[in-house]
Amino acid sequence: MSSVAFVMLFIGAGCFMYRLLRGPSLPDRVVGLDGLLSIIVITIVVAASRQSSGITIETVLVAVLVGFVGTVALARFIERRGD
Amino acid sequence: MGTVSGLFLIAGSALAMIGGIGSVRFPDLLSRMHAAAKAPTLGLVLVAIGAAIEIDTMLAVTTVILVVVLQLLSSPVGAHALSRASRRQVPVSLDDVDELTRDEQSD
């Protein structure tokens, strides 16, 4: 059952990667990066529950915090860059 | 893997995939952000419920609850900061009145 989940996460990661690479403006790329990090977090949780072990689940905390700080820092950069 | 937790995992992953498809298909920045900020957050909540059912140790359940609370607090804040910062620089299609410009000019 987790194979179905992994396939759907792969498709979603491909979509966000397309937005990250092709996004016409810098905020579109930030949207793609943020969504890709959400997909990574969900993938780690699905993989941990596939193995029924909570060893890798602490890394999710770090990923969520890094994603939030990165998004806010990029938003501040975009705001300041404007003329 | 149990049936209930597997269904939760599949539902959460489907929401994340829908968010990705929406971020590709929607026409401008704000609607892409609408798809990419909300759907994967609910997907993470569903996947965390499934993982908490499946793993079932005290440490894992506590960590998963902490992750869900952090994501629910930080995802709207990040999306709001990004949309507010990029409002002036990216062309978006609005309906008839621009409330942000109106409120800033009325000060």
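This is a conversation about a predicted model in which chain A touches chain B.

Student: What makes the length of helix H2 of chain B, residues 29–55, agree with what a helix should span?

Tutor: At 1.5 Å a residue, the 27 residues of this helix should span 39 Å, and because its end C-alpha atoms are 38 Å apart, the two values agree.

Student: How do you know whether H2(B) is mostly covered or mostly open?

Tutor: A residue is called buried if 20 or more other C-beta atoms lie within 10 Å of its own, and 19 of the 27 residues in H2(B) are buried, so the helix is described as mostly covered. H2(B) is followed by Asp56(B), which has a positive phi, near 60°.

Student: How many residues of the two chains are in contact, and what does "in contact" rest on?

Tutor: Two residues are in contact if their C-beta atoms, placed from the backbone, lie within 7 Å, and by that test 47 residues of chain A are in contact with 46 residues of chain B. On the chain A side, the elements that give two or more residues are helix H1 (2–22), helix H2 (26–50) and helix H3 (58–81) of chain A. The largest share, 16 residues, comes from H2(A), and by class this side has 28 nonpolar, twelve polar and seven charged residues.

Student: Which elements of chain B have the highest and the lowest mean pLDDT?

Tutor: Helix H1 (residues 3–25) of chain B has the highest mean, 93, whereas helix H4 (residues 99–105) of chain B has the lowest, 76. Chain B averages a pLDDT of 88, with 99% of the residues scoring at least 70, and the model scores ipTM 0.89 and pTM 0.90.

Notes. Residues are numbered from 1 along each chain as its sequence is written. Chains are lettered from A and ligands numbered from 1 in the order in which they are written. This is a predicted model: local features need pLDDT of at least 70, side-chain atom pairs count only at pLDDT 80 or more; totals for chains, interfaces and linings use all residues. Helices (H or I, at least four residues) and strands (E, at least two) are DSSP runs, numbered from the N terminus. The expected span of a helix is 1.5 Å times one less than its number of residues. A residue is buried if 20 or more other C-beta atoms lie within 10 Å of its own, exposed if 12 or fewer, and partly exposed in between; C-beta atoms are placed from the backbone. Ala, Val, Leu, Ile, Met, Phe, Trp, Tyr, Cys and Pro count as nonpolar, Asp, Glu, Lys and Arg as charged, and the others, Gly among them, as polar. pLDDT is the predictor's confidence in each residue, from 0 to 100.
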